[in-house]
2 protein chains.
Amino acid sequence: MSQAGDDIMTRKKRARVTLEQVANHAGVSRATASLVVRGSPHISKETREKVLNSMKELGYIYDRVAANLRSQRSSTVGLIITEIGNPFFSELLVGVHEALDKEGYTVILGTTFDSPSKQDALLSTMLEYRVGGVIMSPVPGCSVDMVERLKQWEIPVVLVAREMPSGEQFDYIGIDNVAGGRLVTEHLIQQGHRRIAFLGGFSGSSAWRDRKKGYCQAFHQAGLEIDESLIIEAPATRQGGINAIKQALQHPNPPTAAFGYNDIVAFGVMLGLKEAGMIPGRDFAVVGFDNIQESSMFNPPLTTVSAFPQLIGTYAADILHQRMNGDAGEAKRLILQPELVVRESSLLHSDHQF
Amino acid sequence: MSQAGDDIMTRKKRARVTLEQVANHAGVSRATASLVVRGSPHISKETREKVLNSMKELGYIYDRVAANLRSQRSSTVGLIITEIGNPFFSELLVGVHEALDKEGYTVILGTTFDSPSKQDALLSTMLEYRVGGVIMSPVPGCSVDMVERLKQWEIPVVLVAREMPSGEQFDYIGIDNVAGGRLVTEHLIQQGHRRIAFLGGFSGSSAWRDRKKGYCQAFHQAGLEIDESLIIEAPATRQGGINAIKQALQHPNPPTAAFGYNDIVAFGVMLGLKEAGMIPGRDFAVVGFDNIQESSMFNPPLTTVSAFPQLIGTYAADILHQRMNGDAGEAKRLILQPELVVRESSLLHSDHQF
DNA sequence: GTGAAAGCGCTAACAG
DNA sequence: CTGTTAGCGCTTTCAC
């Protein structure tokens, strides 16, 4: 449960200056010095300056660990994401970090790599470090048990980007994946496509299920039938996209367009097409999901749907901040509406620059 | 110096189970329970199990904050980078985080956005949180003073990617920017270019100065003269690249090729060229630096130099780990050799796929 | 092998 | 406004 593991620790040899030493040096009590450190207004100017001088002179360093222990508070928050490598999450991280930083919180980072046991371990660690709150993107198929433990200790939890089964009790910020899936698929149908593959990602994730739902809705609304064999699960990576499109192309009645679970998959799909001698955006339409920065820079530029990761992060941080300040209202749900961004990868009639 | 700021804190209402309660429940002393928690081998099997059962039953959570306070150790490390938005740093973060995680450390994250005062504040915060070590990429023009404070408290510091003036006392991991700059420039010269702009970045950063040095070396070795007016400083962003190339194109004797300070700048340069009606890779050669993931996906694919950010992160974490375990040897310098990656953006004679 | 007592550096509650 | 006293939850001697 704890495993101190002596080898991972560092012992400080030179003792720090303590508040007591500062107090002695300044000729006041520890309590007074403490008040000065914390900027209390009930301190006379002279005393304050005396103490501040002593602090400077002795090279005093405030010990937040001790202070937090005594006061039973915390100004750290945990951020748990699945993968920093994915730009969607690194942009989300930017939003969270920037907002929390502004409010004076310190961020402890954890990545699960989609492993439930890793996620549990991270949540434990965060509990052990007495974080004041947690922002997390749960791993697919994650059980509420562990996360409920946090709730039990009145540590607010804000979920981002992915929902959790029966996680209605938690605040959630995400985008409308159903609407996003529908937007993308409607666009492709409007471009004349009838056989549209849905590639990459796994059905374990709520985002996948919702995007697929939107995909299906668009088909139904257009009065078209869905060919389940064009829905191919694969890791949400570039390689996953490459493999998925290759499989799709071997279909006896192959698709003419593909909806990648996210932009990374879509990149893979385009690379796979090129390897197969096809030109994405001319011979085959591709769309993605997320609108990460590089999607506009790909060759050809990728049609996709904006998922506003940074904004999600900012909102999540704001809500967490409110919760940590005592807001005990009902669980909030903030669902951003995605926006279709049409680029060349899905416009087969267009001429490319190259 | 501390500014507790009541509003950023959260008070826990429900008290945690303490080790004392576990000890009582199990009918042993606090000290014994503590030994069990830490997996001491000097405990009888029965006692251990009794205690472990009580822990489970009561829902005990180890309090690392209290433990660290008492034992004067720390298993947290601080990671300070300039910007998470830049893929170079997010890949570096991946390397650091993965390696530290494996060793059981917890990472506190900070970003400076290249602001020296922000960097100082972050270092203070990390000190206040009693981090056991710090990995940082110093802001340009950063003074050693603040960082020396850490050294003074025997908190090991490992510098990554950027050096610090008179920072020889610190471990440093980075790439050979001089060699990288030379590689890139030699390549362009070999392609027949004589007027090569060096765009983006600021001379305040050691990486900039070194890359420029390499650029100059290549010119000298080829017996060519350098035109200082083709060296244009600008923010190391896409927009910076756009602006810099526009300025360069207005030169009475404009360049035929550009070396972007990093890949992001190079992307901007290519976008700027397109806006000016030129086609990068056909009318104008562009190379970057870093070889971030998206450089292979750009249109056209970008010639660049691999800077191995993730590897740098991994090495930095390893060295820090050694330091935190008492390795007090001389400051280490690990300089990775960059590798030229030739792609279409610099091969004017090649035919593109589009 | 286990227990008793002391104390890490700080803040809280109350006096004055 | 400032000082006194107690104690956060844990680890560390040092007994036995």
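**Cysteines**

Over all chains, the count of disulfides comes to zero, a disulfide being a pair of cysteine sulfur atoms within 2.5 Å. A disulfide is a covalent bond between the sulfur atoms of two cysteines. B:C142 is buried, with a relative accessible area of 3%, and B:C216 is buried at 13%. Here, buried means under 20% relative accessible area, exposed over 50%, and partly exposed in between, with a 1.4 Å probe and protein chains only.

**Basis of the model**

This is a predicted model, in which local features need pLDDT of at least 70 and side-chain atom pairs count only at pLDDT 80 or more, while totals for chains, interfaces and linings use all residues. Residues are numbered from 1 along each chain as its sequence is written, chains are lettered from A and ligands numbered from 1 in the order in which they are written, and side-chain values use heavy atoms, with hydrogens and water left out.

**The sheet and a helix across it**

An open sheet of twelve strands has the order β11(A)-β5(A)-β4(A)-β3(A)-β1(A)-β2(A)-β2(B)-β1(B)-β3(B)-β4(B)-β5(B)-β11(B), with mixed pairing. Its edge strands are β11 (333-336) of chain A and β11 (333-336) of chain B, each of which pairs on one side only. From one strand to the next, the twist averages 20°. Helices (H or I, at least four residues) and strands (E, at least two) are DSSP runs, numbered from the N terminus; two strands pair if DSSP finds at least two bridges between them.

In chain B, strands β1 (residues 76-81) and β2 (residues 106-111) run parallel and are joined by six bridges. B:V77 has B:V107 as its bridge partner in β2(B).

In chain A, helix α12 (residues 309-324) lies across β1 (76-81), β3 (133-136), β4 (157-160), β5 (171-175) and β11, and runs at about 170° to β5(A). Contact means heavy atoms within 4.5 Å. Axes are lines fitted to C-alpha atoms, for helices over the stretch in contact, and angles run from 0 to 180 degrees between N-to-C directions.

**Surroundings of DNA strand D**

There are 28 residues around DNA strand D, of which A:T47, A:R70, B:L19, B:R30 and B:Y60 come nearest; a residue is near if one of its heavy atoms lies within 4 Å. α4(B) supplies the largest share of this surface, four residues.

A polar side-chain atom of A:R70 lies 3.0 Å from a base nitrogen of DNA strand D. Phosphate oxygens of DNA strand D lie 2.8 Å from a polar side-chain atom of B:R38 and 2.7 Å from a side-chain N or O atom of B:Y62.

Methods: Polar contact = N/O pair within 3.5 Å; in protein donor to acceptor, adjacent residues only side chain to side chain.
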